[in-house]
Amino acid sequence: MRAARFHARKDIRIEDIPEPELRPGTVAIDVAWCGICGTDLHEYLEGPIFVPPAGHPHPISGESAPVTMGHEFSGTITHLGEGVTDLNVGQNVVVEPYIIAEDVDTGPGQSYQLSKDMNFIGLGGHGGGLAEKIVVQRRWVHPIGDIPLDQAALIEPLSVAHHAVVRSDAASGQTAIVGGAGPIGLLTAAVLKAKGLTVYISELSEARKQMALSTGIADEVFDPRESDVAETVRECTGGRGADVGFECSSVPAVLDMLLDAVRPGGVIVNVSIWGHKPEVDMPKLVLKEIDLRGTIGYSGDHPETIRLAAGGTIDLSAFITARIGLDELITGGFDELISNNEHHVKIIVDPRA
């Protein structure tokens, strides 16, 4: 089968590789669509980061570069391994793309995303969604019902957003400020709006500002070139400030804005993956008793995220800005997201095209 393989920084190749083998307790899936994630871009431009470098295999997967990429994907079950009795061939599904040790409890309420040596399918090994087929453990497979397969490719990043909102303890009736309207920022805003919050977004890109407004996920979008965003948020909240803030940009000025924009005793969740260590205004953090929280991945978020998409509470179709084939991965996918990113939210890939 064909697959996109990460060999080294700026070296991703479309190659013919053997199809994966079905094993007991696993599920074989024909991949329908796979999204290109910001993490994939970081690997391409700066990696290897999550990808184990050649000659240094991951302790759980046992694999190192080259590895098949892609962790935001949907597909259809084609075969069930021995012992898998609660799924059916022909079901449409998404995969929670974790590489986690066999003895880690992944049941309800467990923070398995924080387990030792955690990595992701499509980065740390175990195949990936930028291939025609994949075989995964049963525990990571989630049926999606009637959600269209192209939209379902966004369930994984929507679960990242959902987990960030859960980490914030945000509640209906509160006010949120989201810093950055890239894919994760927009999806975070969508989850917040679905939960009944007033949502403000800070963003420079005209295309992304329009996306936030046209989809109805933001009450207002503020351009930091045109106004002091933190002051504007305070004005909109009667001088109080936002209850929760979300850093979705990896830009130090955005973190500074959030520290100004949230109320005393407010919560800021850092969602973005930073490529460098930012300065943090610790005096402001202390004097306002701000709670700065981290978030990574998801744990038990997929079922609720699927429910939000299946019930029409969140319309994922609006966030798909391009569909390409595997041969276009670099020119029509990575290069577009690197050089023309303000006009794209999510580019999804058909690995069979």
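Trainee: Why does Asp11 count as partly exposed?

Mentor: Asp11 has 22% relative accessibility. Buried means under 20% relative accessible area, exposed over 50%, and partly exposed in between (1.4 Å probe, protein chains only). The value of 22% falls in between, so Asp11 counts as partly exposed. This is a predicted model, in which local features need pLDDT of at least 70 and side-chain atom pairs count only at pLDDT 80 or more, while totals for chains, interfaces and linings use all residues. Residues are numbered from 1 along each chain as its sequence is written, and side-chain values use heavy atoms, with hydrogens and water left out.

Trainee: What makes the meeting of the Asp11 and Arg13 side chains a salt bridge?

Mentor: The term requires a side-chain nitrogen of Lys or Arg within 4 Å of a carboxyl oxygen of Asp or Glu. For Asp11 and Arg13 the N to O distance is 2.9 Å, so the pair meets the criterion. Arg13, at 38%, is partly exposed. The structure holds 22 salt bridges.

Trainee: How do you know whether Lys209 is buried or exposed?

Mentor: The relative accessible area of Lys209 is 8%, so Lys209 is buried. Its salt-bridge partner, at 2.8 Å (N to O), is Glu206, which is partly exposed at 44%.

Trainee: Why are Lys209 and Glu206 said to be separated by about one helical turn?

Mentor: They are three residues apart in helix 5 (residues 206–214), which means a separation of about one helical turn. Helices (H or I, at least four residues) and strands (E, at least two) are DSSP runs, numbered from the N terminus.

Trainee: Which parts does the salt bridge between Asp243 and Arg263 tie together?

Mentor: The closest N and O atoms of Asp243 and Arg263 are 2.8 Å apart. Asp243 lies in strand 14 (residues 242–247) and Arg263 in strand 15 (residues 262–270), so the pair ties together parts that are 20 residues apart in sequence. Both Asp243 and Arg263 are buried.

Trainee: Why are helix 3 and helix 9 described as roughly perpendicular?

Mentor: The axes of helix 3 (residues 155–168) and helix 9 (residues 302–310) come within 9 Å and cross at roughly 110°. Axes are lines fitted to C-alpha atoms, for helices over the stretch in contact, and angles run from 0 to 180 degrees between N-to-C directions. Angles under 35 degrees count as roughly parallel, over 145 as roughly antiparallel, 65 to 115 as roughly perpendicular and the rest as oblique. Helix 3 and helix 9 are therefore roughly perpendicular.
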